[in-house]
Amino acid sequence: MTKHQKRLSVPNSWPVERKEETFTVKADAGPHGESGVPLLIILRDVLGYADSRKEARYALNEGNVEINGKEISDEERPVGMFDIVAFDEREEYYRVFPDEGGRLSLTPIDEESAQSKLGKIAQKSNVPGGDVQLTLHDGHTLLVEEGSDYDVKDSIVIANDDDEIVAHFEYEEGALVTAVDGAHAGQIGEVDEIQVTPGSSQNNVLVEQEDAPVSADGRFETVEEYIVVIDENFVSESDSDSEASGDNREQGDDA
C-alpha cells in the first residue's frame, strides 16, 4: 500500500500547495478521519523544523514532540482541528485551528492553555453500567455519569493528562462559536439564531460578528454541522499576528 498521497486530491483543510509537487505524505489511520493532516506536514511544510522525513523521524525519536500531552514517534500520525502540538524544549505550543480559508493553521498558545483541548460532542450514547459515553469530533471517547447535562453539539474542554472535563460550553443562542468549514471557515461570532429545518435537512445558524461584519446586517449564515462552540480565549488567539500558516515552507523532497 502506497505511503504517498497526490497533492491535488488532498482535503481542502490540508496546508499544502497542490501544484508545486505531485505527491505528499499520506496520513496513517487515526483521529480526525480523512481530514487529519500527517504530522510530517506540520513539522516540514508548516513550521520548517525538518527538511525531510528522515529529519522528522529523528526529532520524533528524541521525544521532542507531543500531541495532546502525549509523545508522538510516528511522522504520519494525523493531526487535526483543536489538537495541541507542543515542543517543550523550544517552549512552543500551538492549537490547530482553521483559518479563514478553511485550511488548518497553528495558533500559538501559552503552556497553561496547552494542558487541555477543546472537543465538540458528536455523539452521546448509553453504555452498560449506567454511564454515558461521549464521542468527540475527532473520535475521542470518554465516560460521564448518567444524568450529566452534556448534549450533542455542545463543546467541552478536557485535560490532556486524565481526560477530566474542565469546562463545558452549551450550544445555544448567544454562544460564542466559530465556523470550521464552508465559506465562512475560521470566522468567529455569537449565535444570533438557530433556524430549525423540518425533516432531515441541516439546521441553519445565523452568527453575528460585532467587529467584522460580512453582510449588511453583520451576520453570516452557515449550516449547523460547521459550527463549534468555543472559549472566549480563542478570540484573542485568532487576532494574533504570529499565527503560523501553511505558507511558511513547502518542500517536496522525500515526500
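Predicted model: local features only at pLDDT ≥ 70, side-chain atom pairs only at ≥ 80, totals over all residues.
Residues are numbered from 1 along each chain as its sequence is written, and side-chain values use heavy atoms, with hydrogens and water left out.

If you colour the chain by accessibility, buried residues make up 45% of the 255 residues; buried means under 20% relative accessible area, exposed over 50% and partly exposed in between, with a 1.4 Å probe and protein chains only. Among the contacts in the protein chain with a separation of 6 or more, 47% come from residues 24 or more positions apart, a contact being heavy atoms within 4.5 Å.

**The helix pair**

Select residues 39-46, which are helix 1, together with residues 53-61, which are helix 2; the two pack at an angle of about 110 degrees, with their axes 10 Å apart. Axes here are lines fitted to C-alpha atoms, for helices over the stretch in contact, and angles run from 0 to 180 degrees between N-to-C directions. Helix 1 and helix 2 are therefore roughly perpendicular to each other, given that angles under 35 degrees count as roughly parallel, over 145 as roughly antiparallel, 65 to 115 as roughly perpendicular and the rest as oblique. Show side chains next: the contact is made by Leu39, Leu40 and Leu43 of helix 1 and by Arg53, Ala56 and Leu60 of helix 2.

Move on to the open sheet whose five strands follow the order 5-4-7-8-9, with antiparallel pairing; two strands pair if DSSP finds at least two bridges between them. Strand 5 (70-71) and strand 9 (104-108) stand at the edges, each with a single partner strand, so one side of each is left without a neighbour in the sheet. At the strand 5 end, strand 4 (residues 66-67) pairs with strand 5 in the antiparallel sense over two bridges, and Glu66 stands opposite Glu71.

Now select Asp83, in the loop between strand 6 (78-79) and strand 7 (84-87). Is Asp83 buried or exposed? Asp83 is buried, with a relative accessible area of 1%. Leaving aside neighbours within four places in sequence, Asp83 is in contact with several residues, including His32, Arg77, Tyr94, Arg95, Lys117 and Asp138.

Strand 10 (residues 116-126) pairs with strand 11 in the antiparallel sense over five bridges, and Ile121 stands opposite Leu136. These two strands form a hairpin with five residues between them, and Gly129 in the turn has a positive phi of about 105 degrees. Val132 has Val144 of strand 12 as its bridge partner. The hairpin of strand 11 and strand 12 has four residues between the strands, and there Gly139 takes a positive phi near 95 degrees.

The bridge partner of Val177 in strand 19 is Val229, and that of Ala179 is Ile227. Towards strand 16 (residues 188-195), strand 15 is joined by three bridges, and these two strands also run antiparallel; here Leu176 has Glu190 as its bridge partner. With side chains shown, Leu176 and Thr178 point one way from strand 15 and Val177 and Ala179 the other way, and all are buried.
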